[in-house]
Protein chains: 2
Amino acid sequence: MAEPTQRTPSRDLEGALIDAAERVLVREGLRGLTVRAVATEAGVAPQGVYNRFGSKHGLVAAVLVRGFDGLAASTRADDGTDATERLRSSGRSYRRFALAHPQHYEAMFGSGVSPADRAAASTDDLTAHASAAFDVLVTEVSRAMDAGVLRRDDPREIASVFWAAVHGAVALELAGITKTADPDTSYERLLVALTAGLG
Amino acid sequence: MAEPTQRTPSRDLEGALIDAAERVLVREGLRGLTVRAVATEAGVAPQGVYNRFGSKHGLVAAVLVRGFDGLAASTRADDGTDATERLRSSGRSYRRFALAHPQHYEAMFGSGVSPADRAAASTDDLTAHASAAFDVLVTEVSRAMDAGVLRRDDPREIASVFWAAVHGAVALELAGITKTADPDTSYERLLVALTAGLG
């Protein structure tokens with residue numbers, strides 16, 4: 001998902017392996033994301049993947065870093081004067097990201113990943129990128145408080161409430177068990193209710 | 001989870017098999033809920049389980065019916081005069097049910113169950129019980145509209161917005177990836193924001 005930047009040959013190989021891992025994730029889901037499958041996809045020996053990522057967990061972490069970076073880039077709101085609209089727009093982008101990258105989203109936040117597997121794939125680097133993605137929302141919430149459209153409060157706590165709610169709508173939609181007749185309208189109602197209710 | 005009612009011997013066996021299935025689900029998760037495991041747990045031959053439930057999917061459906069009945073019973077608000085408080089109380093009970101029955105909750109709504117597996121386990125009976133559980137919330141939302149504490153609107157649509165939001169908070173908490181320092185307080189903030197924002 002990331003845009004290529006200037007890379008050393010070693011970085012190029014690492015990037016190519018993560019590209020291959022993302023294709024495997026999209027095609028086969030998180031359970032299919034094995035060192036062997038990624039090596040085959042990338043046309044290298046499994047040892048080449050182990051050398052770079054240590055294990056399947058290291059590979060998953062590298063893919064998740066891409067996911068969190070993509071989410072962060074998506075949800076950073078466009079500049080605009082209306083703080084309420086910025087926050088809602090960030091919420092809309094969050095859903096668009098999830099619907100466009102359902103396998104990444106499930107791997108990042110889904111309940112199909114056990115806490116043990118989540119802990120095993122966790123690295124300092126991954127934690128930093130995940131925090132940075134959440135911080136995009138915290139920043140939007142802070143701006144909305146500064147603009148007086150959300151009540152003054154701890155921005156991280158209010159961002160966590162906002163996130164929980166949008167995650168729920170997105171998760172039910174991805175699982176195909178939403179109860180609404182029209183997910184677009186329903187999601188918009190949720191964003192309006194949240195910004196109003198936290199305002 | 002269901003309270004025993006007067007049963008014929010045949011009903012007794014069915015109930016005992018579902019009891020066994022619930023114990024297997026709690027101990028081993030949905031993936032461990034197989035005909036063989038339930039037969040062993042109940043001390044019967046696998047054929048006894050097949051005769052009663054047809055397949056693993058029939059067994060899962062029977063357990064999910066128990067889950068939805070338990071959720072419906074939990075979230076039916078106590079009688080009270082304050083409609084806002086009734087709705088929030090129903091939301092609190094929803095979370096308590098999920099935290100007390102995480103394996104049931106995951107099987108009912110989790111993203112770890114593929115849409116194909118969900119469809120395979122679906123029966124008319126299960127759909128009816130799942131709808132009845134959602135209708136408890138729809139009824140609470142209708143009452144809140146009648147009392148003038150929620151804006152007049154389609155109660156099913158507003159209930160679906162409310163459900164999505166509380167599901168999100170509960171799902172992140174169960175997955176151990178909530179961003180709040182205090183899930184109790186955060187959930188209460190969400191309920192207050194929703195009832196205010198939809199009011």
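How many residue pairs are in polar contact between chain A and chain B? The count is nine, with both residues at pLDDT 80 or more, where a polar contact is a pair of N or O atoms within 3.5 Å, one able to donate a hydrogen and the other to accept it, and residues adjacent in sequence count only if both atoms are side-chain atoms. This is a predicted model, in which local features need pLDDT of at least 70 and side-chain atom pairs count only at pLDDT 80 or more, while totals for chains, interfaces and linings use all residues. Residues are numbered from 1 along each chain, chains are lettered from A in the order in which they are written, and side-chain values use heavy atoms, with hydrogens and water left out.

The contact, meaning heavy atoms within 4.5 Å, takes 38 residues from chain A and 38 residues from chain B. The area buried between them is about 3,100 Å², with carbon and sulfur atoms giving 63%; buried area is the accessible area (1.4 Å probe) that two parts lose on being put together, summed over both. On the side of chain A, A:E157, A:K179 and A:R189 lose the most area to chain B, together 20% of what that side buries.

The rule finds two salt bridges across this interface, each a side-chain nitrogen of Lys or Arg within 4 Å of a carboxyl oxygen of Asp or Glu. In a salt bridge between B:R189 and A:D153, the side chains meet at 2.6 Å, N to O.

Finally, 100% of the interface residues of chain A are also interface residues in chain B, so the copies meet through the same surface.
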